[in-house]
Amino acid sequence: ALIRRKFKSIIKHSETKFLIIIMFFGVTLFTFLFMKVLNLNFQSGLRYSIFQFTSAITTTGYQTMENFTLLSSNLLGFMVLLMLVGGGIGSTAGGIKQYRIVLFFKSIYWGLLEKVTNKKIIRPHTINKVGQKAIIGVDEISGNYNFIGLYLLIFLIGSLIIASFGFSLEHSMFEFASALGTVGLSVGITSANSHPIVLLTLI
């Protein structure tokens, strides 16, 4: 689409709109949190924010901080959410994928709309894929719920296993979200000296 200069198609794409929205709010929030926690000026806070936000949601895994344990619980929590969401559908990024998250929220909206409107009105369920509206069937919506549910169940089980070895729940969730999404960010739990069960769980 970029090569063919179909810029409107790119902007209308569901994942593009989703990424722009969460990046605007996410980077803004991250900037102030980094400034507060690490006592940084605005420029440094913004730089840390953009880099770590992008690294987490694209599951690239680079970090500019030696120790994430210095970060506040809410900042770690937001980073866990980003790592769970992951990158774009069809990409090599990990995570649930942004398309599935968009479809999840849209399907909730469709369900609520059907509950409060006239039953005789038939509304096709569509989602924008690179400028073209794709019709979404019931099977795809159901499969999407199943995938997200299974992913989160595995995330919960893995986090609890790691936490049972004496690590805090927030650090365990961060570490396992990173491993599950093939991200690479770490609070220091993963190392050559980790318990074999912790390493097997992360694997």
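The following legends describe close-up views of a predicted model.

**View 1. Aromatic pair of Phe24 and Phe25**. Eight aromatic pairs occur in the structure. In the pair formed by Phe24 and Phe25, the ring centres are 5.2 Å apart and the planes meet at 80°, so the arrangement is edge-to-face, given that planes over 60 degrees apart are assigned to that class. Phe24 and Phe25 are both exposed.

**View 2. Aromatic cluster of Phe30, Phe34, Tyr48 and Phe53**. These four residues are linked into a cluster by ring pairs.

**View 3. Arg100 and the ring of Phe147**. The ring of Phe147 has the charged end of Arg100 over it, at 3.9 Å from the ring centre.

**View 4. Nonpolar surface patch**. Ile108 is located in helix α5. The relative accessibility of Ile108 is 35%, and Ile108 is therefore classed as partly exposed, since this class lies between the limits of 20% for buried and 50% for exposed residues.

**View 5. Hairpin of strands β1 and β2**. Strand β1 (residues 126-129) and strand β2 (residues 132-135) run antiparallel and are joined by four bridges. Thr126 has Ile135 in β2 as its bridge partner. Two residues lie between the strands of this hairpin, in which Val130 adopts a positive phi near 50°.

Notes. Residues numbered from 1 in each chain as written. Predicted model: local features only at pLDDT ≥ 70, side-chain atom pairs only at ≥ 80, totals over all residues. Heavy atoms only, no water. Phe/Tyr/Trp six-rings, centres within 6.5 Å; stacked < 30°, edge-to-face > 60°. Buried < 20%, exposed > 50% of the residue type's maximum accessible area, 1.4 Å probe, protein only. Lys NZ or Arg CZ within 6 Å of the ring centre and 35° of its normal. Patch = residues over 30% accessible without salt bridge, like charges linked within 9 Å, V, L, I, M, F, W, Y side chains within 5 Å. Areas by Shrake-Rupley, 256 points an atom, 1.4 Å probe, with all protein chains shown as cover. Salt bridge = Lys/Arg side-chain N within 4 Å of Asp/Glu carboxyl O. Pairing = 2+ DSSP bridges.
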